[in-house]
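Colleague: Please take a close look at one part of this model for me. I would like the strand pairing and the turns that go with it.

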Amino acid sequence: MRFERAISVLVLATGVTYGGVEAAENPAGQAKPEAAAGTPASPPPKFQQEVGTNPWVLAKPTPEHAILAGLSGKFTSKVHLYSGPYVRMLDTEGTAEGKPLMGGVFVQVTQSETRMKAQFDAITIFGFDEATRKYTAASIDDTSSAIVFYNGTYDAGKKQLVLSGRFSDQKSRVLSIVRKVITFVDATTWTLEEFVSHRVGDPETKVVTVTFKRP
């Protein structure tokens, strides 16, 4: 009993001593630094424009979009496949059509031809992203269930639109890094070359060259 009383007196004395020291250090009763530890040093940044106040303006073609106009029209195509592990017809012919979308902000190119001794169909939508200042594309074809996204730049000196993308091969599940090089040869002709590698920095393999020509 005496031991318990001694413990109580000791705890009480400790509390009084600590409280007295604390009061001496902070006589005005100001908030302690730890109480304000969660308060930010400065207010959070504000949006440059309040949500909902951005004017509703339709996208319009820019000078950069004029490059994509070269993909518009109806074309005959000559396809050359390079050697590979599958049975293939190396040289075939097909057709393609490019249609402007959204007033020319995008161009949809549809291809139909023969590859690997079978019908091959593909659709690619090309655009130019004004925010990133990059050319973009989204492509699908009937050999894969993936949508492949690309972005890249235009080289005015070479008249080449160079786009790069990545996807997983549908059968092997191996990463494929694909590069498309579109060259505007003249007012009636453009070519598409595709290159593939499987790791960053590895040598590329040229897969196909397609030449599109207006009749």
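What follows is a walk along the strands and their loops.

Modeller: This is a predicted model, so local features need pLDDT of at least 70, side-chain atom pairs count only at pLDDT 80 or more, and totals for chains, interfaces and linings use all residues. Residues are numbered from 1 along each chain as its sequence is written, and side-chain values use heavy atoms, with hydrogens and water left out.

Start with strand E4 (residues 118-129) and strand E5 (residues 134-141). Strands here are DSSP runs of E, at least two residues, numbered from the N terminus. E4 and E5 pair in the antiparallel sense, over eight bridges. Pairing requires at least two DSSP bridges between the strands. Ile 123 has Ile 140 of E5 as its bridge partner.

The hairpin of E4 and E5 has four residues between the strands. Arg 133 lies in that loop. Its phi is positive, about 60 degrees, although Arg 133 is not a glycine. Arg 133 is partly exposed, with a relative accessible area of 45%. Buried means under 20%, exposed over 50%, and partly exposed in between (1.4 Å probe, protein chains only).

Next comes strand E6 (residues 148-155), antiparallel to E5 and joined to E5 by five bridges. Ser 139 has Val 148 of E6 as its bridge partner. A hairpin of six residues joins E5 to E6.

Beyond E6, Lys 159 sits in the loop between E6 and strand E7 (160-168). Lys 159 is not a glycine, yet has a positive phi of about 55 degrees. At 44% relative accessibility, Lys 159 is partly exposed.
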